[in-house]
Amino acid sequence: MTFGFAPSAATSLSASAGSVNHVARMLEPAEWAAAGIPLLRNPREVVSGLHARHRPTPATAVVAVLDHEERLTASASFVRRSTAPADGWEFRNALLAHLRRVIPHDLRRRTPVRTAVLLYCREGDERWTEEDGAWMWGLRDACTLHGLRCGAYITLTHGGWQVLGEGRGGRRPTLLSRPSALADTSTDHELVPLRTGGGAAEALRRSAAR
């Protein structure tokens with residue numbers, strides 16, 4: 001005779017709660033747009049600069065910190081190796097770990113003076129995906145825990161780059177226009193402040209107008 005045990009109500013509720021929490025750890029485009037994310041003055045320069053420094057391949061995340069004048073202060077890149085479903089909590093932890101390696105936190109400040117932006121390279125087109133939503137959640141939470149202002153989330157695909165939630169993008173660089181592949185799965189860079197700011201093109205301002 002074989003004896004078995006049916007899952008308890010508590011176990012079922014726990015599993016259900018885990019699924020709900022997993023789904024909650026991502027941001028929909030409307031939620032991101034309503035979060036008051038500051039616009040980049042010149043996203044093309046930011047994207048081109050990060051692409052040139054990190055040579056990202058598919059599934060690479062590049063997190064960068066900009067000062068109040070939109071100068072690049074520090075950045076780090078790493079490759080997402082896991083095939084598990086996208087989880088904002090895991091993305092948050094990865095982003096926070098890399099931020100801690102390259103720049104001190106600003107938790108003692110009443111108001112954040114530096115902004116973190118995220119460039120993520122992935123397959124597919126520019127349309128929002130649940131993976132994007134999880135990265136958005138992770139970026140927002142990592143910024144809160146590191147004393148930074150949450151900045152733009154940018155995707156880099158075969159068709160070019162796109163600032164999600166703003167409607168701004170460009171054809172260059174693309175996922176394929178990389179000079180070389182990353183030599184390591186985790187590469188951190190501390191950078192001498194470089195000017196990445198500037199006035200946005202009039203066409204970009206028109207496309208970002210609400």
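What span should the 12 residues of helix α3 (residues 43-54) have at 1.5 Å a residue, and how far apart are its end C-alpha atoms? The views below take up this helix after an overview of the chain.

**View 1. The whole chain, a predicted model with 6 helices and 7 strands.** This model is predicted, local features need pLDDT of at least 70, side-chain atom pairs count only at pLDDT 80 or more, and totals for chains, interfaces and linings use all residues. Residues are numbered from 1 along each chain as its sequence is written, and side-chain values use heavy atoms, with hydrogens and water left out. Helices (H or I, at least four residues) and strands (E, at least two) are DSSP runs, numbered from the N terminus, and from that end the elements follow the order α-α-α-β-β-α-β-α-β-β-β-β-α. Of the 210 residues in the chain, 44% are buried, where buried means under 20% relative accessible area, exposed over 50%, and partly exposed in between (1.4 Å probe, protein chains only). Among contacts (heavy atoms within 4.5 Å) between residues at least 6 apart in sequence, 73% join residues at least 24 apart.

**View 2. Helix α3 and the residue that follows.** The 12 residues of α3 should span 16 Å at 1.5 Å a residue, and the end C-alpha atoms are 16 Å apart, which agrees; the expected span is 1.5 Å times one less than the number of residues. The buried residues of this helix are P43, V46, V47, G49, L50, H51 and H54. An α-helix has 3.6 residues a turn, so residues three or four places apart point the same way. After α3 comes R55, which has a positive phi near 45°.

**View 3. Helix α4 and its start.** Helix α4 (residues 88-102) has 15 residues and reaches 21 Å from its first C-alpha to its last, close to the 21 Å expected at 1.5 Å a residue. Where the helix starts, a side-chain oxygen of D87 comes to within 2.9 Å of the backbone nitrogen of W89. G88, F91, R92, L95, L96, H98, L99 and V102 are the buried residues of α4.

**View 4. The largest nonpolar core, around L139.** A nonpolar core is a set of buried Ala, Val, Leu, Ile, Met, Phe, Trp, Tyr and Cys residues joined through side-chain atoms within 4.5 Å. The largest one has 31 residues, of which W32, L95, L118, W135, L139 and Y153 touch the most other members. Helix α5 (130-146) is one of the elements that each supply at least two residues of this core, and α5 gives the most, with 7 residues. Leaving aside neighbours within four places in sequence, L139 is in contact with W32, L95, A116, L118, C150, G151 and A152. A second, separate core of 17 residues includes V46, A64, L66 and L72.

**View 5. Strands β4, β5 and β6.** Two strands pair if DSSP finds at least two bridges between them. Strand β4 (residues 149-157) and strand β5 (residues 160-163) run antiparallel and are joined by 4 bridges, with T155 opposite Q162 in β5 and a hairpin of 2 residues joining the strands. Strand β5 is also joined to strand β6 (residues 168-170), again antiparallel, by 3 bridges, and V163 stands opposite R168 in β6. The hairpin of β5 and β6 has 4 residues between the strands, and G165 takes a positive phi near 90° there.

Terms used: Polar contact = N/O pair within 3.5 Å; in protein donor to acceptor, adjacent residues only side chain to side chain.
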